[in-house]
Amino acid sequence: MLTIKNLHAGVAEKEILKGLNLSVKPGELHAIMGRNGSGKSTLANVITGRDNYNVIEGSVTFNGIDLLDMSPEDRALAGIFMSFQYPVVIPGVNNTYFLRAALNAKLKHQGLKEINAADFMRFIREKLKLVDMDEKYLSRAVNDGFSGGEKKRNEILQMLTLEPILSILDETDSGLDIDALKIVAEGVNNFRNGKRAFLAITHYQRLLEYMQPDFIHVLIDGKIVKSGDKSLAFELEEKGYSWLES
Amino acid sequence: MTYLKQQFDELLAYWPDENEALRSLRMEAFNHFNELGFPTKKWEEWQFTDFSEFKKNKYRLSWAKDLPNIPETIPGKIEGSDLVFIINGHYQSQISSMPDGVTIPSHLDVFEADDQIFSASQSGNPFKALNTAMMNSGIVISVAPNTLIKKPIQVVYLTTDLSDPLMNHPKFVFNVGENSQATIVEHYIGSTDQTYFVNPVSHVTVKANASFNHIRIQEENKSASHVATTEYDLEADSRLNAAHFSSGSKLFRHDIKLNFNDKGAEAKLNGLCLTESHQHHDQHVMVDHQNDACQSHQLFKYILADKSSGVFNGKVVVRENTKQTDADQSNKNLLLSPDALMNSNPQLEIYADDVKCAHGSTTGQIDPEALFYMRSRGISRPKATELIIGGFAKDVLDSISDENISDHINQKINNWLIGSQNNE
């Protein structure tokens, strides 16, 4: 589904990813672990197409199409989603309106009929239950006055609304208390099936106690230095990252 | 300005039997204007706006012969409102309607009751003086005491079908009686590519314990210059909720003066300017807290595209020995283009101790993080931009409680956003 080959990328003149290779297949959950500055978020930003990130070398393809020339919205419409580490506040833009605009952009792209306001309310109320979110957050401006935990739930709510094929969870566990973490993880777990893939970017192994990764990759200085199964996470917890550094 | 002198003489000749006191007021005001002249860059309060076009263009007053055919549908008509229709300066009573409890006294009646409302001799504002000298249109709307007017009254001031550069100097007087409530929409619309000049002065009095919603919409054609003065006089415990929208005219200058004439009054002043191409919108606000326990809340927003420019100069004065003043003032501006320019100058002058005051000004561009966030959800760049700008304008729009009016303005904002995106 997602194939990354020899990816060298960075911000401005600074190279952050230095030859990264990764292959993600449908149904899989990959965890990318590493210290701050190892390039985890750069990877997420390059996949989703954020401005200011330059690809120096290498390729990123999604179901055979070259992602790197696509706009962020076209990547989203192709089925890529990122749960933001720091969800953005958008003053004056109603959360429901935003969610419906996003869903309608997808429906329109797929040649389907756009959903009207009443049908959308019924649809979104069901999704709200899955992340245990109060309905009052629908009528607020996007992420405006949301606590850290509410913002992350709102991210997962968007994921459940848009039903992406590939979901990137960028530090979704940061800023969450244990109850919120369980709810968010459960939201993700229930969403998993044989067709959907996940890239969970995380600093700590905490999130992985609640999700079942198929693969764990350790990112150090812009390269994956070790890959393994879940047991690698426990090994990292015990030993830290230094034993992997050359 | 010889063309103005010539027009002034024509005006006097047109109304040979005019009330003498009113006539001498005109003469006095015209002399005052001639002493002042049009503002130059050296005038501190006027320095950011170029008024040289008033020397280049030669405007003439609108006469009875300038009355065009009445359009079948009134442009800008807001559903659920009573209509006062003025076209090229000519009031059309046959298609205007007025609710019970509202009268339309003549300007002369008002002048005889309180000539201060008309005086421009001390203002130092040449446009106000010119208006007093040349007053040739406008209307007085008077709401009786103890009267609740539910339906908004919409004054449509349309300029259309011009063959040469026209000017009008409308004088509006809105009086809201004690304990009364009313909503008036003062709506300027232009539909002609000809150059023209509209120079209105509006005087609003909100009597004791009355409540007034004043919505001002300026949608002149971009060939126009619109220079306006609005004065609010608030009596004891009165409430004013004012919202000013402007998207029209190449040159817009608006001087807003608000006086708290007695205790316990509250005023909300909100404004939204949308400018594009080479438009220039300049607003000067002066709020005078000269009595106790009054509140003023100002929020003025500008959205500037292309090579347009804006000026906001807001002053709040809290006079000596006043108590319990609560005043805030905020100016927020969104620049949609690197060539757009905003000049913001919020000022507080506080001469009393027992006050709660705040002011601030921010000018920025569309948040690239917000834009990326929306695009990463599949929302196209133009749509995301439109949503972000609409969100920026929302709190000003929300200050209007009448749904028909806010829907109307919202529609205008959306059209503007789509239009400004297409120009990119």
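## Two helices side by side in chain A

The axes of H3(A) and H6(A) come within 10 Å of each other and cross at roughly 30 degrees. Axes here are lines fitted to C-alpha atoms, for helices over the stretch in contact, with angles running from 0 to 180 degrees between N-to-C directions. That angle makes H3(A) roughly parallel to H6(A) (under 35 degrees is roughly parallel, over 145 roughly antiparallel, 65 to 115 roughly perpendicular, and the rest oblique). The crossing is right-handed, the term for a near helix turned clockwise from the far one by less than a right angle, anticlockwise being left-handed.

Where the two helices meet, Leu99(A), Ala102(A), Leu103(A) and Lys106(A) of H3(A) face Gln158(A), Thr161(A) and Leu162(A) of H6(A). Contact means that C-beta atoms, placed from the backbone, lie within 7 Å. By class, these residues are four nonpolar, two polar and one charged (nonpolar: Ala, Val, Leu, Ile, Met, Phe, Trp, Tyr, Cys and Pro; charged: Asp, Glu, Lys and Arg; polar: the others, Gly among them).

## About the model

This is a predicted model, in which local features need pLDDT of at least 70, side-chain atom pairs count only at pLDDT 80 or more, and totals for chains, interfaces and linings use all residues. Residues are numbered from 1 along each chain as its sequence is written, while chains are lettered from A and ligands numbered from 1 in the order in which they are written.

Helices (H or I, at least four residues) and strands (E, at least two) are DSSP runs, numbered from the N terminus.

## Sheet and hairpin in chain A

Chain A has an open sheet of four strands in the order S2-S1-S4-S5, with antiparallel pairing; strands pair if DSSP finds at least two bridges between them. S2 (14–24) and S5 (65–66) of chain A are at the edges with a single partner strand each, so one side of each has no neighbour in the sheet. Eight bridges link the antiparallel strands S1 (residues 2–11) and S4 (residues 53–62) of chain A, and Lys5(A) stands opposite Ser59(A) in S4(A). Helix H1 (residues 40–48) of chain A lies across S1, S2 and S4 of chain A, at about 65 degrees to S4(A).

Elsewhere, S11 (residues 215–220) and S12 (residues 223–228) of chain A run antiparallel, joined by five bridges. Leu219(A) is opposite Ile224(A) in S12(A). Their hairpin has two residues between the strands, and Asp221(A) takes a positive phi near 50 degrees there.

## Where the chains touch

How many residues of chain A are in contact with chain B? There are 22, and they contact 20 residues of chain B. The elements giving two or more residues to the chain A side are helix H2 (72–77), strand S7 (90–94), helix H3 (95–109) and helix H6 (148–162) of chain A. That side has 14 nonpolar, four polar and four charged residues.

## Inside chain B

Nine of the nine residues of helix H5 (residues 126–134) of chain B are buried, so H5(B) is largely enclosed by the rest of the structure. A residue is buried if 20 or more other C-beta atoms lie within 10 Å of its own, exposed if 12 or fewer, and partly exposed in between. The buried residues of H5(B) include Phe127(B), Lys128(B) and Met134(B). They pack against several elements of chain B, among them helix H1 (2–14), helix H2 (20–36) and strand S11 (201–206).

Strand S11 of chain B holds Thr205(B), which is buried, with 22 other C-beta atoms within 10 Å. Leaving aside neighbours within four places in sequence, Thr205(B) is in contact with Asn175(B), Val176(B) and Asp233(B).
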